[in-house]
Amino acid sequence: MNGVGLRADLALIAAQVPAGTRVLDVGCGDGTLMAALRAQRGIDARGLELDAANVAAAMAQGLAVVQGDADRDLADYPGDSFDIAILSQTLQTTHHPDRVIAELLRIAPRAFVSFPNFAHWRVRWSLLWNGRMPVTAELPVSWYATPNIHHLTVRDFQGFAAERGLAIDGAWYLAGGRPIGAAGANWRAEQAVFALRRD
């Protein structure tokens, strides 16, 4: 799938989604990924989004999006109602990320999760040099206005998956919007994408 116009993590995820797959995009924003999946793969994706303006923007494109909160409303979806659940750049904004991940893998046997890596070297450098919470391209909002409430790293997520017995089917790391290797990803990657599988 051609990811032209998609944010780098979304392009990586889109490339992994086969045609004919039932997809739930949790925290779908304005529906950019859903629209690309529909246009390029004919996928009828569904979305869940907290922000009312984003819901309206997605619906204006003819996308099936409902307003809801990942922390509360995923429980309303029946088990195995989708083939793939996607949570892009949303995990760190949830109150109970562990429960959200569990719900994703209840709703679908496969899930993709992407998040900003708070251990990236620029974040570390900013904290060391300035002594203040960083503002970077991947974390563009000051500490008092950010929606991020859980600051996780690549290693944090790997440890979480190991503790919970979650199967990681794939992992991709991004710096400057481009894929990088896994070596040193905890300090080199600005973003991470993980594919999870329910056993």
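## A residue in the core

I101 touches L91, V113, F157, F160, L166 and L196, leaving out residues up to four places away in sequence. Touching, or contact, means heavy atoms within 4.5 Å. This is a predicted model: local features need pLDDT of at least 70, side-chain atom pairs count only at pLDDT 80 or more, and totals for chains, interfaces and linings use all residues. Residues are numbered from 1 along each chain as its sequence is written, and side-chain values use heavy atoms, with hydrogens and water left out.

I101 is one of the residues with the most contacts inside the largest nonpolar core, along with V26, L74, L104, V113 and F157. That core has 29 residues. A nonpolar core is a set of buried Ala, Val, Leu, Ile, Met, Phe, Trp, Tyr and Cys residues joined through side-chain atoms within 4.5 Å. Buried means under 20% relative accessible area, exposed over 50%, and partly exposed in between (1.4 Å probe, protein chains only).

Which elements each supply at least two residues of this core? They are β1 (23-26), β4 (84-88), α5 (97-107), β5 (110-116), α7 (154-164) and β8 (191-197). Helices (H or I, at least four residues) and strands (E, at least two) are DSSP runs, numbered from the N terminus. α5 gives the largest share, five residues. A second, separate core has 26 residues, including I13, C28, V65 and I84.

## The sheet

Eight strands form an open sheet with mixed pairing. Their order is β3-β2-β1-β4-β5-β8-β6-β7. Two strands pair if DSSP finds at least two bridges between them. β3 (64-67) and β7 (178-180) are the edge strands, each pairing on one side only. From one strand to the next, the twist averages 20°. α5 packs on this sheet and touches β1, β4, β5 and β8. The direction of α5 makes about 150° with that of β5. Axes are lines fitted to C-alpha atoms, for helices over the stretch in contact, and angles run from 0 to 180 degrees between N-to-C directions.

Now for some pairs. β1 and β2 (residues 46-49) are parallel, with three bridges. Here D25 stands opposite G47 in β2. β5 and β8 run antiparallel, joined by seven bridges. P116 has Q191 in β8 as its bridge partner. β6 (167-175) also pairs with β8 in the antiparallel sense, over seven bridges. G170 stands opposite A195 in β8. Six of the seven residues of β8 are buried, so this strand is largely enclosed by the rest of the structure.

Which residues of α7 are buried? V154, F157, F160 and A161 are. Seen down the axis of α7, the buried residues fall within an arc of 130°, so they line one face of the helix. The arc is that of the directions from the helix axis to the C-beta atoms. These buried residues pack against α5, β5, β6, α8 and β8. On the other side of α7, R155, A162 and E163 are exposed. G165 follows α7, with a positive phi near 70°.

## A buried glutamate

E190 sits in the loop between α8 (185-188) and β8. Is E190 buried or exposed? E190 is buried, with a relative accessible area of 12%. Beyond its neighbours within four places in sequence, E190 is in contact with F115, P116, N117, H120, R122, E138, L174, A175, G176 and G177.
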